[in-house]
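Colleague: I would like to learn how to read the features of a two-chain model. Please take them in turn, with the criteria spelled out.

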Amino acid sequence: MSKPSSSAASFCRRTRREFLWESGCGFGGAALAAMLAADGLAPAARAADSSRALAPRAGAYNGKAKSVIFLFMYGGPSHVDTFDYKPALVGKDGVMVDVKTHGRGGHRNQGRIVEPRWKFAQHGECGKWVSSLFPHLSTCVDDIAFLHSMTAESPIHGSAMLMMNSGKLQSGYPAMGSWVNYGLGSPNENLPGFVVMLDRTGGPISGAKNWSSGYMPATYAGTVFRPEGSPINDLSLPENVDRPLRREVLDSLEQLNRRHFDARPDQSDLAARIASYELAFRMQQHAPEAVDISGEAATTLSAYGVDRAETRDFGMRCLLARRLVERGVRFIQVYSGGAHNDDNWDAHGDLEANHSKHALETDQPIAALLKDLKQRGLLEETLVVWGGEFGRQPTAEYEVGTGRDHNSYGFTMWAAGGGVKGGVSVGATDELGSAAVESPMHVKRLHATILRQLGLDPNGLSYFYRGLDQKLVGVEHVEPIHEIV
Amino acid sequence: MKLASAAARFILCLLAITLAGWSAPRVSGAEVQVDFVREIKPLLARRCFACHGPETGEGGLRFDSREAALAELDSGSYAIVPGDVDASELLARVTADEDSGMQMPPEGDPLTTAEIDTLRRWIEQGADWRKHWAFLPMQDVAPPTSQQNQWGENPIDAFVLARLEAADLQPNPPADRRTLIRRAYFNLTGLPPTRQQVEAFVRNESPDAWEQLVEQLLASPHYGEQWARHWLDVVRFAETNSFERDAAKPNAWKYRDYVIRSLNNDKPYDQFVREQLAGDELDEVTEDSIIATGYYRLGIWDDEPADPEQALADEKDDLISTTGQAFLGLTLGCARCHDHKIDPIPQTDYYAMMAFFADVTSYGDRGDQTGNNQWLFDTDEDRRARQALDERAQRIERERTSMEEVGVKRMSATDQRRSETGERQALLEEKLQRYLNSSEWQLYQETLARLERVRRERNALPAVQTALALARCEPTPPATHVMVRGNPHVLGDVVEPHFPHLFEVPEPSIPAAASDARSAGRRRVLADWIASPDNMLTARVIVNRVWQHHFGRGIVRSANNFGELGDPPTHPELLDWLAQWLIDHNWQLKPLHRLIMTSQTYRMSSAGNSRALEADPTNDLLWRFDMRRLSAEEVRDAALAAAGVLNDRVYGPSFYPTLSEEVLATQSHPGDGWGDSSPEEEARRSVYIHRKRSLLEPLLTAFDFPDIDSSCEARFATTQPQQALAMLNSAFMNQQAERLALRVQTASDDPVAESIRVVLGREPTYEEVAAGTQLIDRLQTHYDRTADEALRQWCLVVLNLNEFMYLD
């Protein structure tokens, strides 16, 4: 499998699958190959060969982006209160209108308008209208491409989350981060290639299903990274064990394992396994270093809002996202919002309180992230994506109050960096913001765009499973969103 | 008349062409015979079908059958003229110049030189259009006889040896007894042999020592646990429904136990198939056969679908895909939206399969999450008795309340208000007697006593047994329609149940359901056909799975896909012979295990030799036994066994291993749906771990426990650092190391040597003892650790040895 996207090699699946069955891959695969060579485990040459096939590799094209940071606004932020300016709603609070909606409350044909609770103003050279929820982010609009006509297939959290993350409404399929690592390999053997950072309030609905590798090996699954304590499960040494002591244990283990291997010199798996212990030992050093921000300047910490209570958590995760990008991690997903109800953007009750809270927590950190990446010259090769699993309706969910129900008929996402044009807006919803009417873009088009910016062919990158060449974007041809690149 | 005979001549002519294609033409010179199925069909499908497929046929050209591909084109020329490359327009077009406007395919990269060369040779060789091996009936084969060698009397050896001899290779000598007993124990029970068991086997001088061992293991209840795991992977067994709530499915464990018990009882496989697909419709319906229909309740289920019709279609698709792969080795799911691109499975076959399942209700609905899936095992009599007592109790309760109200009405307003709150009971106990006269009070006391008697009687009735099963069916289901491009909102023609056309069997006759039937009777027909000895795939698919789990891979590696994109069998005759053998032996798996394990092929050593490695590096010809890593469950179970704490109780509800806070924190409600189990329960075998789809045990996941949302035909065997982290740092492994240390300390004055004996089942080498002693010394002298702590670290080393993790 020189290139997963090369159709000739991939169609007859055998090459790929056989490899996947028989050797370590993904996270650490490349490193194993290198270590086997370096450690003189010479008879393991065959394993080294197959492992090398999953070393960092070129995609089908020259990709502008090397990494992706997906800022997942879990719960579904309201587009008409954030980036999708709808003058037609202004002054119409409480007015009943005919509008088709579909949310958790089912299908409706009428609703009471909830006027956006925040004032919009124009920003940047592009004159983008942004609501007052985002005073910091509004200074970055010239670097951002807004996608106003996103559509998803489900207005229900669980299935919509899976669709945004894996392109399918059902669980069991690999997440986008798994696809990216499958397609491009991982340049840093000491860190996972697909990292997920959760909100302090908890995981999203369906938990680990959102970063599962589905039918691919678990090595492609997202690794949950924590800012505090042990960043990765089972990474830290047990109590009463320190690195020198562990070194002694490893030396003893390796001595005996090598003797066992010497009697079976053609069994490359044994050599790979010996090497994997050394790799794990190195990860234990590098992963904590990646989350250690003691070397960051005070001005940087302050810019991300790490010094303030409201912005500390999300700011910290944004800062770590940058540090992981610097270390070659391919795909990083950062969740804003967790658990249920108002712990995330799911504003069914009090829209004002909910969105004020979550915007406050994320606005400054996200703006800082964009500026920091740009200043370090990393924005060009880092694709930052912002959005939730759907948007919200322009009308009210209940008889009283400002809460809005889910809306998958039309919503806004945005992208910046990674070769994406700044200061552009694509597509539009109707004048109420209830549904995409101008160039509707299915979630899959966003997926295709992300893969394409990384240099992968969204319609070519495939994995043979269940009799089919499976793709992130599905069997039908899907075009990337050309207008923003 | 004249026309008819012309037509007949035409058909005869076509037949002649087809038949010519069947008898594989001999190759002249050194040209290698092109394999149509492997080399040509996929190429045509991939690069030509978009315009020249069964649905498109542009320019009068279709590549879906030989007749169509050889037919005259709209242009008057012929795409393929067998044996005549120059007359074949296909070659001219794929080699045409890019600027000519004639080049095919018009989009994408041109064909490679190698692809063009393959096409050319294929046409030269007569454009053979052979039928795929798996879609031909099983061959009646006899084991070959070897001219040169005598290698075992087992027919399996004859098949294997014939291929080795043809490649001028020798089979490996047998493995030693210590290797063999470890191999056999893990293979049949998933557990390591104890040291005593190893020694007894090594010393057993009986000529049938091996046969005795195999018998003993096949009789072990742990056999069912180990082999059930393989089937549970295939049917994507889990105990929750995934999606937002990922809620527990009550009694799912009973299906798991059904599989274990079926294997332990050596239930014939055809019966096993019938019970799962139609256990509620058999001539003899048993509790077991009902639990077996839990098969229909194993998949994921969206309790809050955005598009209910789509969700229902997806649920059915999951069932069709799983059934096709599990029982028939067919990827029927690929024909959901259009005809199968490669295999001869038209879209209508997919919907015909859906029609067989038309009476299968959804797992549940949000309002009633159990009615469709929880079967109540009670007699009519029990049900009536329960209802009668419930009604009596309700009546008495009403009487009691009205008597109470007599008293309450006489109370103060404050107390009357209290009587409407949660304090009612306290109020009544405190004051009621005061407000009733003595005869009223007497009557009230009698009423309470009567109520108590009825309740006691009700509680004395036997508890209702329930099971996860196909509890509710639609006996007269609506017509099944083709869904146009797989869209449940765009219905096409009506489809009746029929078997996939590639089997070339008559249409089924389905008896009309009786007016009081609880199901449609269609699944029974499907089950009987799948479980029939005449079905050309069922027996092949199951013997291949059995082979796979003895040797690490199937004769057909793609165990779920016997179609044209699957892997061809390495030993096709052996596969057919075994399939027939299984049928002849009443479809029972234990005799098959016995046959396989008593072959020389199974008993070969896994050692390498340079000549064979050169000739057949992937061991496709089986010149050696393949070494393998322990599976996820085997790693965990073997660690518990080494620690001396494995609780080997068989069957029963699942348990919850302790998960770290970090792992639970990935949930939206941390800890939701996860229980606490006692230490004894936590030491049970891994097959009994509660399978929550969104919360898998991390140690098992690290060792390739599969995603359980869709059928898993074979597990990955990755090597990655997360495994090392889990094996060295997890609380679980450190706990087992500590227990092992305690165990060996108690048992022996030489704990280092004892640890090797316990974990590896053999005497330690001098070097191992030296390594252990040295480590323990160093940790005490240089790291200031106690002797106990140092021994624990050594025990952790032993549990991480490759010899522990791998089987020769």
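Modeller: The secondary structure of chain B comes to 36 helices and six strands, where helices (H or I, at least four residues) and strands (E, at least two) are DSSP runs, numbered from the N terminus. This is a predicted model, in which local features need pLDDT of at least 70 and side-chain atom pairs count only at pLDDT 80 or more, while totals for chains, interfaces and linings use all residues. Residues are numbered from 1 along each chain as its sequence is written, and chains are lettered from A and ligands numbered from 1 in the order in which they are written.

Colleague: How many helices and strands does chain A have?

Modeller: Chain A has twelve helices and 19 strands.

Colleague: What percentage of the residues counts as buried in chain B, and what percentage in chain A?

Modeller: A residue is buried if 20 or more other C-beta atoms lie within 10 Å of its own, exposed if 12 or fewer, and partly exposed in between, with C-beta atoms placed from the backbone. In chain B, 46% of the 808 residues count as buried. For chain A the value is 62% of 485 residues. The C-alpha trace of chain B spans about 115 × 85 × 55 Å along its principal axes.

Colleague: Next, helix packing. At what angle do α33 and α34 of chain B pack?

Modeller: Two packed helices are described by the angle between their axes and the distance between the axes. Axes are lines fitted to C-alpha atoms, for helices over the stretch in contact, and angles run from 0 to 180 degrees between N-to-C directions. Helix α33(B), residues 751-760, and helix α34(B), residues 766-781, pack at about 125°, with axes 9 Å apart. That makes α33(B) oblique to α34(B); angles under 35 degrees count as roughly parallel, over 145 as roughly antiparallel, 65 to 115 as roughly perpendicular and the rest as oblique. Their crossing is right-handed. A crossing is left-handed if the near helix is turned anticlockwise from the far one by less than a right angle, and right-handed if clockwise.

Colleague: Which residues make that contact of α33(B) and α34(B)?

Modeller: From α33(B) come B:V752, B:A753 and B:I756, and from α34(B) come B:E768, B:V769, B:G772 and B:T773. These residues divide into four nonpolar, two polar and one charged. Here Ala, Val, Leu, Ile, Met, Phe, Trp, Tyr, Cys and Pro count as nonpolar, Asp, Glu, Lys and Arg as charged, and the others, Gly among them, as polar.

Colleague: At what angle do α22 and α24 of chain B cross?

Modeller: The axes of α22(B), residues 538-551, and α24(B), residues 589-597, come within 11 Å and cross at roughly 45°. The two helices are therefore oblique to each other, and the crossing is right-handed. B:V543, B:V546, B:W547 and B:H550 in α22(B) meet B:L589, B:L592, B:H593 and B:I596 in α24(B). That contact has six nonpolar, two polar and no charged residues.

Colleague: Now a strand. Which residues lie on each side of β7 of chain A?

Modeller: In a regular strand the side chains alternate between the two faces of the sheet. In β7(A), residues 194-197, A:F194 and A:V196 lie on one side and A:V195 and A:M197 on the other, and all are buried.

Colleague: Which residue of β9(A) is the bridge partner of A:V195?

Modeller: Two strands pair if DSSP finds at least two bridges between them. β7(A) and β9(A), residues 331-336, pair in the parallel sense over four bridges, and the partner of A:V195 in β9(A) is A:I332. Two bridges join β7(A) to β8(A), residues 223-224, again parallel, with A:T223 as the partner of A:V195 in β8(A).

Colleague: Is B:N251 buried or exposed?

Modeller: B:N251 counts as buried, with 22 C-beta neighbours inside 10 Å. Its phi is positive, about 65°, although B:N251 is not a glycine.

Methods:
Two residues are in contact if their C-beta atoms, placed from the backbone, lie within 7 Å.
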